[in-house]
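Good morning. Please have a look at it first.

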Amino acid sequence: MLIVIVWWLWLQIMGLAALPLTYRFFRRLPGRGYAFARPLGLLLATYLLWMGGSLGLLRNSVGGALLSIGLVAGISLVVYRRGRSDADPGLLAWLRANRRLVLSVELLFAGALALWSLMRAYSPEITTAGGEKFMELMYLNSIGRSEFFPPHDAWLSGYGISYYYFGYVMMATLTRLSGFAAHLTFNVGLASLFALTCTGGFGLVYNLVHLAENARQGRGPGRRASPIAWGYAGAVLVAVLGNLEGFLEVLYSSRALPQGFWRWLDIVDINEPFNAGVAPSLLPSRSGWWWWRASRVIHDLDPLGNSVPVQPIDEFPGFSFLLGDMHPHVLALPFVLLALALALWALLEGTRGDTLAGETRGWKGLLARLPLLVPLSLGGLAFLNTWDFPIYWAIFVAAYGLGRWVWHRALSWAFLRDVGVTAAATAVAGFFLYLPFYIGFQSQAGGLLPTLYVGTRFRQYFVMFGPFLVAILGFVLLLALQSTPRAARKKLFRDWLAWTAALLVVPLLAMLLIVGFLLLAPSGREMLEGIRRIPAVYQVVGDAPWPQVLGQLLLVKLRTWLMPLVVAAMAGLGLALLQRSLRAMPPAPDTAAADSHLSPAPSGQGFWGGTYDRSTATLQFVLLCAVMGLLLTLSVEFFYLVDNFGVRMNTIFKFYFQAWVLMAIASAFGVYWLGRSAPEGEQARRGLRTAFQVGFWLLFAMGMVYPVLGNYSRAGHFNHEPALDGTAYLAESQADDHAAITWLNEHLAGAPVILEAPGSGGGSYVYEGRVSALTGLPTLLGWAGHESQWRGSYEVQGAREPDIEAIYSETNVERARTLLEEYGVSYVYVGPLERSRYDPRALQKFARFMEIAYENEGVTIYRMQK
């Protein structure tokens, strides 16, 4: 419990340090950025520590962290005081006036932190089973033992970490400040990410609903919605809700539907015949890890209708928090929500008469006017989870462009320059602010390839996103009816058809163009021939020329035509509505009255009815989130990013995860919009509103089955004592290793190199690498397969494997001594794993030229003599 309180306290301190800055920066948002103060403070403090450590100006220590927090607080106060105006009541007065909001955010954060710390305490084990916790703990411990940055890679001694590790710097910094070891704080760190995600989702939806409710003032009677209540709904949709697979597990276990339905649905494991030896049950009973299947809903088939060898991953936040892996996509969650808050700020700020980037003809003016917080926050996404940066940068630019349209009203050179310069400046500044990271970063990414024959079946897609699809569809349909006079609906219909066709035809043509370019280069042709050589593909296309091959594979792809058609149609309607909102803009307002256009519209004037008000800005932002989320899921039907896996598995994983966040925010607002009191003249649409609301809440209830039953199973039915120590289980299962690793952590400072047995055959997800992972001490080689993914090469690992084998397995003392000195090894670890793999006679040689630093019944740690 003490760990949780200390962790909460340090996040409070960081949030308070940044609060004056958020209050001033987010002045156009009703919540003044209060819900985002903690993630912003954490980001700024660890950025200063990391940059100072990268430049050799700050040590990665408690003192360096405290100095960084102090600098954030100082900068925050300076910005606050310089931006103070006579009309501003001040931060303290605002806090008093908005104490319900403040109390709601604080209760949500503290409650979520406490709840998820408890949940993690029932399944705290940092193991290799079904995840990458060893890898994540290795990063935390490596950073904790690194004096400067980049931190050393404990699984490849002599090298720095080649991964997007900013989130681990954040967690390692909090670990150092807390005074507890990483294996104790690991699960509390996960709980804090859950709490920050909840408050981020709350903050976004609160601001959107508050803006929309303010715009209703003076528009006749009607029940007012509570932004706080809808903020809580946003938190649940983003961080807690599950997909429909958990509900389907209950139906499968209870045998409520016939076998033919499960074969048609074709989700792996629950597409199998019922087990006659197992009685029907309301609780999923296939295995203790049944909840894992929710992240494998999408089932790809080859051209012959059989499962492809590597299936897609379709994680969502609720699954990730339940699993408990501290992976970059989870570490980045609070900060993608911060990025969305920045995008909403950019839309509202863009409606001002002056440009965000200032005078675009002079670079000095540009740097002086572009808020540094924007590229610092957006650029940080690349360091947190690189895939996220282009997504949220595009949303930010699009939001700013929507705001600037108020003033330009045409796709003019001035508009393009305004938005283009801001976009370029944000991207370039975001890159250079994190330049030390890019200098040492290697990646496995290898460009784009077309998704030629696999596709997503709509029934499985609906299992994944069902509640969101209903909410968004109801929202855009109602919005189309509300905002479009009967005479203009034909135009809207034509725009919708045009956008839908474009979203299907343009990517298809791009696919063909990519194939054409690949055929022109020998390396590209080899990649395509590799697809042809897949047995199932070759049986269909044989040795036919590539134009014929493309035709045959695209015909195979037509098996899954429904999903891209539905998604393109929904996204197309969202884009048509955005287009209509731009056409309906009033003449550009007077610059002198830059803020008046955000005042509530006079009674009788609604959104897109000749007045640019809060509803217009809010609806544009929600449509932008919905469209971007849908397009992310549509894109993987046409392209995937090339990596070591060679399939679209990882692309679906990364894109679906962000699509969930975007569609959750849009859905929370969409359901609020569907439930608003119908204005005069809209009574006939009550049926539409009611149908979609009922559909959403039914699906929402089905989606809540997953977190309830999943966490119940994950916690082992709560039938044991909770504990937050992630390595306590080793004291029983690997008692000798646990005792030796505890000794290493207590007695070895710095980062001396220790040799242990690596994963055999390039292994990952194995127990090997346990010493370096649990101590942060660098070893010659840990999980070689993961190192290959991070560095895009197996060259270094391949060179080290025979040397490690020689050190352990040969009896030649001089050969072993020479290799140990060559790699700078200070300690050699001989534990149960090493004794089971290598000849005991060969292991005895270490005693002939090394001294024993530590020994127990199963472990001997040798130290090189000085």
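I start with a network: salt bridges link Asp 737, Glu 756, Arg 770 and Glu 834. A salt bridge here is a side-chain nitrogen of Lys or Arg within 4 Å of a carboxyl oxygen of Asp or Glu.

Before going on, a word on the source. This is a predicted model, where local features need pLDDT of at least 70 and side-chain atom pairs count only at pLDDT 80 or more, while totals for chains, interfaces and linings use all residues. Residues are numbered from 1 along each chain as its sequence is written, and side-chain values use heavy atoms, with hydrogens and water left out.

How many salt bridges does a search of the whole structure find? The count is 25. One of them joins the side chains of Asp 266 and Arg 457, at 2.9 Å from N to O. Asp 266 sits in the loop between helices H11 and H12, and Arg 457 in the loop between strand E1 and H20, so this pair ties together parts 191 residues apart in sequence. Helices (H or I, at least four residues) and strands (E, at least two) are DSSP runs, numbered from the N terminus. Both Asp 266 and Arg 457 are buried. Buried means under 20% relative accessible area, exposed means over 50%, and partly exposed is in between, using a 1.4 Å probe and protein chains only.

Next, Arg 583 and Asp 495 form a salt bridge, with their closest N and O atoms 2.6 Å apart. Arg 583 belongs to helix H25 and Asp 495 to helix H21, so parts 88 residues apart in sequence are tied together. Are these two residues buried or exposed? Arg 583 is partly exposed, at 41% relative accessibility, whereas Asp 495 is buried, at 8%.

Now the helices. The axes of H20 (residues 458-483) and H27 (residues 649-675) come within 9 Å and cross at roughly 45°. Axes are lines fitted to C-alpha atoms, for helices over the stretch in contact, and angles run from 0 to 180 degrees between N-to-C directions. H20 is therefore oblique to H27; angles under 35 degrees count as roughly parallel, over 145 as roughly antiparallel, 65 to 115 as roughly perpendicular, and the rest as oblique.

Last, the surface. Leu 555, in helix H24, is exposed at 59% relative accessible area. Ser 192, in helix H8, is buried at 1%. That is the end of my part.
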